[in-house]
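Subject: Structure handover

Hello,

Here is the structure for you to look at. My notes on what was found follow below it.

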Amino acid sequence: SEWIYRGGTRERAPLNNLTPVIMAGLEDKIAEEIEQLKRDIVRLGAGNADGKYEVAYGVLFDDPEVEQYYEALLGTLKAAKKAGVLDFKGQMLLKGAHDNVPITLLIPPGDAPAPPAPAAPAA
């Protein structure tokens, strides 16, 4: 907690004084989750025709590690999309209805290997 001192007494700071502290903590958490999301897409995804990592929303959503890590997967996806880290069609993804929607990683983690080439279509 943040404290202020008035007239020699210690009081809790009003919420508006805490807003910058709270926002900084939230921004750090979001940045951390976006970095983890990048690693998860690399781990679960494959290369697409453009040479970028791609994973279906249903694969990402159903992964046990992803289920345990994110408080709100869709919120993290939307924040990463807004930051230009990844892309997907639409504004919202719903389990079941959007399981096959590809999520494309535009900015991979620095230590990510090049994605494997997509499998050639069966003849």
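A contact means heavy atoms within 4.5 Å. This is a predicted model, in which local features need pLDDT of at least 70, side-chain atom pairs count only at pLDDT 80 or more, and totals for chains, interfaces and linings use all residues. Residues are numbered from 1 along each chain as its sequence is written, and side-chain values use heavy atoms, with hydrogens and water left out.

Overall, the chain has four helices and six strands (DSSP runs numbered from the N terminus: helices are H or I with at least four residues, strands E with at least two). Their order from the N terminus is β-β-α-β-β-α-α-α-β-β. Of the 123 residues, 28% are buried (under 20% relative accessible area, with a 1.4 Å probe and protein chains only).

The largest nonpolar core has 21 residues, and Leu 37, Leu 77 and Ile 103 have the most contacts inside it. Such a core is a set of buried Ala, Val, Leu, Ile, Met, Phe, Trp, Tyr and Cys residues joined through side-chain atoms within 4.5 Å. At least two core residues come from each of helix H1 (15-44), strand S4 (53-56), helix H2 (57-62), helix H4 (73-82) and strand S6 (102-105).

Leaving aside residues up to four places away in sequence, Leu 77 touches Leu 37, Tyr 57, Leu 60, Leu 86, Phe 88, Leu 93 and Ile 103. The buried residues in H4 include Leu 73, Leu 74, Thr 76, Leu 77 and Ala 80. These lie on the same side of H4 because they cover an arc of only 160 degrees around the axis, taken from the directions from the helix axis to the C-beta atoms. Just after H4, Gly 84 has a positive phi of about 80 degrees.

Regards

Key
Buried means under 20% relative accessible area, exposed over 50%, partly exposed in between (1.4 Å probe, protein chains only).
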